[in-house]
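User: I have a structure open and would like to go through parts of it with you. Could you take my questions as they come?

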Amino acid sequence: MVVAYAIILLVVGTIIFHFWSPWYFTEIAADWGAIDTTVDITFLITGLVFIAVNFFMAYCIYKYRYSPDKRADYEPESHKLETWLTIFTTVGVAALLIPGLFVWGDFVEPPEDASEVEVVGQQWYWTFRHPGEDAVFGNVDIRHIDVNNPFGMDPEDPAGRDDVLVDSNVLHIPVDQPVKFLLRSKDVLHDFAIPQFRVKMDLVPGMITYMWADPIREGTYEILCEELCGVAHFAMRGRVVVEDQESYETWLDGYPTFQEVLDRPEPNLIAGQGAYAVCSACHGADGQGLQALNAPDINGLDAWYVERQVRYFKEGVRGAHEDDVYGRTMAPMMAMLANDQAIRDVAAYVASLPAVYSESTVTGDTARGAEIYTTCSACHGDDGQGIWSQGAPSLVDTSDWYLVTQLHNYQNRVRGYHEADMFGEQMQLMSDILRDEEDFNDVVAYINTLKEAN
Ligand SMILES: [Cu+2]
């Protein structure tokens, strides 16, 4: 009897939870209502069967409960019952499958007038490419990928010259215009998902997959990687902004075409050295850092990383948070760098300074630190030298006390809070694996041992 009541309670509880649950679809932002309807039909059918089966079970437990004078009947076959069950199940399964087939038919047939945008997935972030005025994407190849050509554009292909390269995890698209997403992975399997659009699709290395959507509501929506196996797919976040045509065009104009990237002059080390005179007041003439001013060792860091951080400081993406005491001393100094070229020049100069490791000041349990570092090594490398393709900097080339401050800044959301900080947000999620002060010191003490090994 108790079991029968428990089952009934479970069913009633489930139904109440289904209708009152806070976890249901987010408000839909694309013309994919058919997907919601399909899911609702599935819920309805499986829900009714769930209720029927469980009530039947409770009924049987009650009806056939033990009593000394009851005997079981033996009824090996019931033709009538089997016929009904077969018809019932067939109709049920067909009703579950058929709506999905119609929706899938739509999903694999993007409308003729859909515009195209390429989504590039890689460990552990997203970037985007627009085909430019000719509406044709230029050829790409893994062999062309390097620091100056992260998209792997083929310099020989004229169709690629006007392609717009969006080196950011924020994509803008115009409202009320169907868009086809061409999905390309540079390394492993990923899964591009926009929950508010209700669509997602796997990225498979060596293949271009696709999906499409017709955004119907202006706003900012999430981009997630829904691939499961791997260190950091969960940290591959991005945003898609749906807006009117005019704002969209202004946004697109802010990104360079491949031709513009090719036309950029080489960094000028002499100009960079000139600008560095100001930096040296805090970071020292050799970039060795000055702990008294909280300015870290920067010699040995790669140009791409120095360039990115300086740009972040200049644009208020880093060092603008009110609790970022040290970052706020660095940020205003960046006003002296007039333009992109000046940033590239000074970054190239910093990268040209001889790499000298700074002295270790942080101590801790290096064996525990090594265990924690196994996760970090996926992005920062086994030897802590950083991995460019993942956007992860060298950890051995900067001051150890500074690593501790930065890890706290990520964990306290003081660094990486800005929506344009595509790598900082990722490092925030990673810093959450450090639980207490000991963890911070142990992992940094272990990173110090890598300096000796290098
Ligand atoms: Cu992924």
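User: Which residue is the bridge partner of F192 in β9?

Analyst: In this predicted model, F192 has C225 of β9 as its bridge partner.

User: In what sense do β6 and β9 pair, and over how many bridges?

Analyst: The pairing of β6 with strand β9, residues 219-225, is antiparallel and runs over two bridges.

User: And what about β6 and β7, how many bridges there?

Analyst: Strand β7, residues 199-203, pairs with β6 over five bridges, again in the antiparallel sense, and V199 in β7 is the bridge partner of I194. The hairpin that these two strands form has four residues between the strands, and R198 takes a positive phi near 75 degrees there.

User: Is β6 mostly covered or mostly open, and how many of its residues are buried?

Analyst: Strand β6, which covers residues 190-194, is mostly covered, with four of its five residues buried.

User: OK, zooming out: what is the strand order in the open sheet?

Analyst: The open sheet has five strands in the order β4-β10-β9-β6-β7, and its pairing is mixed. β4, residues 170-174, and β7 are at the edges with a single partner strand each, so one side of each has no neighbour in the sheet. From one strand to the next, the twist averages 20 degrees.

User: How do β9 and β10 pair?

Analyst: β9 and β10 are paired in the antiparallel sense over five bridges, and within that part of the sheet I223 stands opposite G238 in β10.

User: Switching to helices: what span would a straight helix of 15 residues have, and what does α10 have?

Analyst: At 1.5 Å a residue, a straight helix of 15 residues would span 21 Å, whereas α10, residues 366-380, spans only 17 Å between its end C-alpha atoms.

User: Where does α10 bend, and by how much?

Analyst: The bend in α10 is at T374 and amounts to about 50 degrees. Just after the helix, G381 takes a positive phi of about 90 degrees.

User: Which residues of α10 are buried, and what do they pack against?

Analyst: G369, Y373, C376, C379 and H380 are buried in α10, and the buried residues of this helix pack against α13, residues 437-453.

User: How do α11 and α13 pack, in terms of angle and axes?

Analyst: Helix α11, residues 400-411, packs with α13 at an angle of about 145 degrees, and their axes are 10 Å apart. On the side of α11 the contact is made by D400, L403, V404 and L407, and on the side of α13 by F440, N441, V444, I447 and N448.

User: Left-handed or right-handed crossing?

Analyst: The crossing in which α11 passes α13 is right-handed.

How values were computed:
Residues are numbered from 1 along each chain as its sequence is written. This is a predicted model: local features need pLDDT of at least 70, side-chain atom pairs count only at pLDDT 80 or more; totals for chains, interfaces and linings use all residues. A residue is buried if 20 or more other C-beta atoms lie within 10 Å of its own, exposed if 12 or fewer, and partly exposed in between; C-beta atoms are placed from the backbone. Two strands pair if DSSP finds at least two bridges between them. The expected span of a helix is 1.5 Å times one less than its number of residues. The bend at a residue is the angle between axes fitted to the seven residues ending there and the seven starting there. Two residues are in contact if their C-beta atoms, placed from the backbone, lie within 7 Å. Axes are lines fitted to C-alpha atoms, for helices over the stretch in contact, and angles run from 0 to 180 degrees between N-to-C directions. A crossing is left-handed if the near helix is turned anticlockwise from the far one by less than a right angle, and right-handed if clockwise.
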